[in-house]
Amino acid sequence: MIYDVIIIGAGVTGSAVARELSRYNVNVCVLEKEEDVCCGTSKANQGQ
């Protein structure tokens with residue numbers, strides 16, 4: 001299959017980008033190294 005957009009990483013940003021692109025008529029592929037989306041997402045803001 002040929003994709004119009006390939007997103008590397010299904011974290012918060014990658015998932016948000018994929019969701020926005022789902023509004024348009026494009027073939028999107030999301031690649032993630034973990035078992036599920038947002039697996040490496042932290043639960044708290046690490047900023048000071």
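Helices here are DSSP runs of H or I with at least four residues, strands are runs of E with at least two, and both are numbered from the N terminus. With that in hand, Ala18 sits in helix α1, residues 12-21. What we are looking at is a predicted model, in which local features need pLDDT of at least 70 and side-chain atom pairs count only at pLDDT 80 or more, while totals for chains, interfaces and linings use all residues. Residues are numbered from 1 along each chain as its sequence is written, and side-chain values use heavy atoms, with hydrogens and water left out.

Staying with Ala18, its C-alpha lies 9.1 Å from that of Val5, although the two are 13 residues apart in sequence. If we set aside residues up to four places away in sequence, Ala18 touches Ile7 and Val30, where contact means heavy atoms within 4.5 Å.

Let me turn to charge. Side chains of opposite charge can pair when their charged atoms come close. The rule I use for a salt bridge asks for a side-chain nitrogen of Lys or Arg within 4 Å of a carboxyl oxygen of Asp or Glu, and by this rule the count comes to one. Which side chains meet in that salt bridge? They are those of Glu20 and Arg23, at 3.7 Å from N to O.

As for exposure, buried means under 20% relative accessible area, exposed over 50%, and partly exposed in between, with a 1.4 Å probe and protein chains only. Glu20 is therefore partly exposed at 37%, whereas Arg23, at 61%, counts as exposed. Ile8, in strand β1, residues 5-8, is likewise exposed because its relative accessibility is 74%.
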